[in-house]
Amino acid sequence: SNNFNLIVGDGKQSIYRWRNANVKQFQLLPKIQNSELNPNLIERESTLVSQFDEKFLDTNYRSSEEVVAFNNKAFEYLPKILLSEEFQKIYEHQSRKIKKKNGGYVSINYGDSEKEEIDNINFSLILDKISIALRDGFSYKDICIIVRNNYNGNSIANHLIQNNIPVISSDSLLLKNNPEINCIINFLKHLNNNNDMISAAGVIAYCTSHTTSPEQYLNKLHASKNLYSVLRELKIELNSELFAKKNIFDSSIGIISALQLNKKNAQYIRFFLDEVNEYLVNKTGSINDFLIWWEKRKEQASLIIPEGTNAVQVMTIHKSKGLEFPVVILPYLNWEVYKADNAWVNLENENTELPVAVFKINNAISDAGLIDVFEKEKNEQYLDNLNLLYVAFTRAVERLHLISYKSITQKRENVSGWIKKLIEMEFAGNASNFLEIGELSQKKEVHNKSGKTPGFNLPAIQFNSNNNLIRIKGSHLLKLKEASETALENGIKTHFVLSTINCHEDLNSELENLLTSGIINSTEKPELETKIHNILHHPIIYNYFVKGVKAKNEAEIITESGEILRPDRVVFDKSTAIVIDYKTGQANTKKYTSQMLKYSEALTKMGYTSVKKIIVYIDENLIEEVA
C-alpha cells in the first residue's frame, strides 16, 4: 500500500517489434492488454484505471526552432495518411512546444534517379552537407550520419575515408565489410586450396570492378581454371611460387602490393595486417588455420578510432535512439515499408483441422480469407517505419538534412514516397527536388558538455608498402620457421619473448613454446631463461610484470599527424602510463630520446597526466629511465 509507480515511455519511439516489443502494452494504458482472459488482470486493471494520472511532456528542450516546427508538421500529417485509427492515437500528442527560439535548419533532397546513380547522389550530397557544416564552424564530431542498415553505413564510411574524412562507427567499420580485405581473404583461400574457383572469382571480380566488362575475365577464369593467367591479362604479375615459402603476413603483403590494394582504404589494410600480426604471435602460421580463426574473428575485427576523436559518426537508427547531434544527415531514405515474411497464423476454419499454419503475410492471403491478418501486419509495419523516421528526425539539434532519392524502377511503397507526399501536401512542393526550411548560420552552441578530453584531428592513415620495412616487420614474428637467420639472433629472440610476456609467470611457458616450435634449441633455452629472468627482476621494472598489472604489449598509438607508434610495452596505473621499450645493441639513450618523447606526448594527449619512460638494453642487461 501507499506505493507510487511511475511509467515513462514514448510509443512513437517503439522500434523493436522484431525483438517482440509490444507498443500496445503502453498504448492501452491504463487498460491491460487481453485482461479479459484472466480474472486477476481484470481486478488489477480496475485498480490501475482508478489511480491512473497521465501526463504528457510537451516541450522540446533539444532542437532548434525550425527543426521542431518541421517535425511537428511532419508527424501531424504522416500518421493521418498512414496509420490505422488505433495507431493514430500514439501520435495524438506528438506536437512539441519550442524551448529554443530562433534558428535551426532543415533541408530535403528528393526525387527519382537511375538505380546505378543512387549511391553517387547520396555520397555527393553527404560530402556537400559536411563541407558546409565545417565552413559554418561545426566540427567533424558534431556531425552524425544515421542510416537504416549497416550495409549503407559501411558504404558511406568507406567513401568518407577515401575522401580523407575521419569516421567513427562501431557497426560500419568492420574489416569484413571492406572489399579490399575480402579480396585478400579470397586470395588466401585460393592459396590454401587452388581448386577453389569461387574465391578466385572473388579476386577477379574485385580486380575488374573498374572495367566495363568484368564478365569476360570471369569467363576466362572459368575456362582456364587458372587465377594467375587471368591476372596476367590484367597486367598483374603473380604466381603461386611467390607464396610457396612465405608466411601469412608476407603473403598478405605480396597480395596487397601486387593488386595495389593500399591505394584505397589504407586504414583497413593497416588494421587487417595488425590482425594477422596478432594471430601469428599467438597461433600457428598455416593459412588454413588462419582462415578458420578469421571466420570467428571477423565478427569483431574493425577499424578502431578512439571515441574522443574529432570524427564524423555513422550509426543506424536503432543505435542513435536516445542520442543527439548538432548536425544530422539522413541518407538513403528510400527503403520499402512492407516486407512480406512468413508467420504462424491462427486458423478458425471448419474446413481444416489445423489450429495454426505458416503463411507468407502478403496480399495473396486475402484469397484464403485471412485479409484481417494481412491488414494487421501491414498496419504494424507502417507504424514500425514511421517510428523509425520519428526517432531519426528528432536526433538533430541545429541542422537536419534528409536525402530521399529513390530508383525510378522502385515500384513498391517506400519511405521516399511518404516524404514526397509530405512535401507536396504540407510544404507546397518544389520543382527543383530541393526544400529548405530556415537559414544556414554559424554554429550556435558548444555541444561538448561532457568534460571529456577533446578529440584530435585524425587524417587518413598512410600505409607504407616498402618491402624492406615489411621484411623487418615479418622477421620479428619469430614463431614462423621461415624467419631469417638474422632474426634468430639472440637479442631478437630475447626481444620477441619479452613481447609475449605479460607477467613473470609467463616466462617458462613462452620459452617452452619456442623450444617446441624449433625456434630455439635445448642448449639455448637456459641462457635465454637466465637473461630474461634477470631483466624482469631488475628493480626498475619488476613491479611492471607482476601478475594482474594492466598492460599492453606492442599496441599501436595513432598520433595527431596520423603517425603509427608501437611501444613494446605500456603499463597503466590510474592516470600514469609507463612506457617500456626494448633495444638491442649498445646503450645510446640520446639516440632513442626523441622516440620515447613521441610515446610520452601521444599518451599525454590521450589523458594520462604522468608518463614514465624506460629503455631496456637487452644485450647489455642495462635498464635506464629517460627524463
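Start with Arg-569. It sits over the face of Phe-545, 4.1 Å from the ring centre. This is a predicted model, so keep that in mind throughout. There is a second case of this kind. Arg-148 lies over the face of Trp-335, and here the distance to the ring centre is 5.7 Å.

Now the aromatic pairs. How many does a search of the whole structure find? The count is 19. Take one of them. Phe-75 and Tyr-91 are stacked, with 6.1 Å from centre to centre and 20 degrees between the planes. Where do the two residues sit? Phe-75 is in helix 3, residues 65–82. Tyr-91 is in the loop between helix 4 (85–88) and strand 2 (97–100). So the pair ties together parts that are 16 residues apart in sequence.

Buried or exposed? Phe-75 has 1% relative accessibility, so Phe-75 counts as buried. Tyr-91 has 3%, and Tyr-91 is buried as well.

Phe-75 has another partner, Tyr-390. Their ring centres are 5.0 Å apart. The planes meet at 75 degrees, so this pair is edge-to-face. Tyr-390 lies in helix 15, residues 371–393, so the pair with Phe-75 in helix 3 ties together parts 315 residues apart in sequence. Tyr-390 is buried, like Phe-75.

Step back from the single pairs. Ring pairs link Phe-70, Phe-75, Tyr-91, Tyr-390, Phe-393 and Phe-427 into a cluster.

Next, cavities. The whole-structure search gives two of 30 Å³ or more. Which residues line it? Among them are Ser-64, Gly-104, Tyr-105 and Phe-138. Glu-398, Arg-399 and Glu-439 are also in the lining. By class, the lining has three nonpolar, four polar and four charged residues.

Last stop: Leu-291. This residue is in helix 13, which covers residues 287–297. Why do we call Leu-291 buried? Because its relative accessible area is 11%, and the cut-off for buried is under 20%. What does Leu-291 touch, leaving aside neighbours within four places in sequence? The contacts are Ile-185, Leu-188, Lys-189 and Asn-192. Look at Asn-192. In sequence, Asn-192 and Leu-291 are 99 residues apart. In space, C-alpha to C-alpha, the separation is 8.9 Å.

That's my tour. Over to you for questions.

Definitions and conventions: Residues are numbered from 1 along each chain as its sequence is written. This is a predicted model: local features need pLDDT of at least 70, side-chain atom pairs count only at pLDDT 80 or more; totals for chains, interfaces and linings use all residues. Side-chain values use heavy atoms; hydrogens and water are left out. Helices (H or I, at least four residues) and strands (E, at least two) are DSSP runs, numbered from the N terminus. Buried means under 20% relative accessible area, exposed over 50%, partly exposed in between (1.4 Å probe, protein chains only). Contact means heavy atoms within 4.5 Å. On a 1 Å grid over the protein atoms alone, a cavity is a set of points where a 1.4 Å probe fits but cannot get out, and a pocket is an open set with protein on both sides within 12 Å along at least five of seven lines; lining residues have an atom within 4 Å of a point. Grid points are joined across faces, edges and corners, and a volume is the space filled by probe spheres set on the points. Ala, Val, Leu, Ile, Met, Phe, Trp, Tyr, Cys and Pro count as nonpolar, Asp, Glu, Lys and Arg as charged, and the others, Gly among them, as polar. Rings of Phe, Tyr and Trp (its six-membered ring) pair if their centres lie within 6.5 Å; planes under 30 degrees apart count as stacked, over 60 as edge-to-face and the rest as tilted. A charge sits over a ring if NZ of Lys or CZ of Arg is within 6 Å of the ring centre and within 35 degrees of the ring normal.
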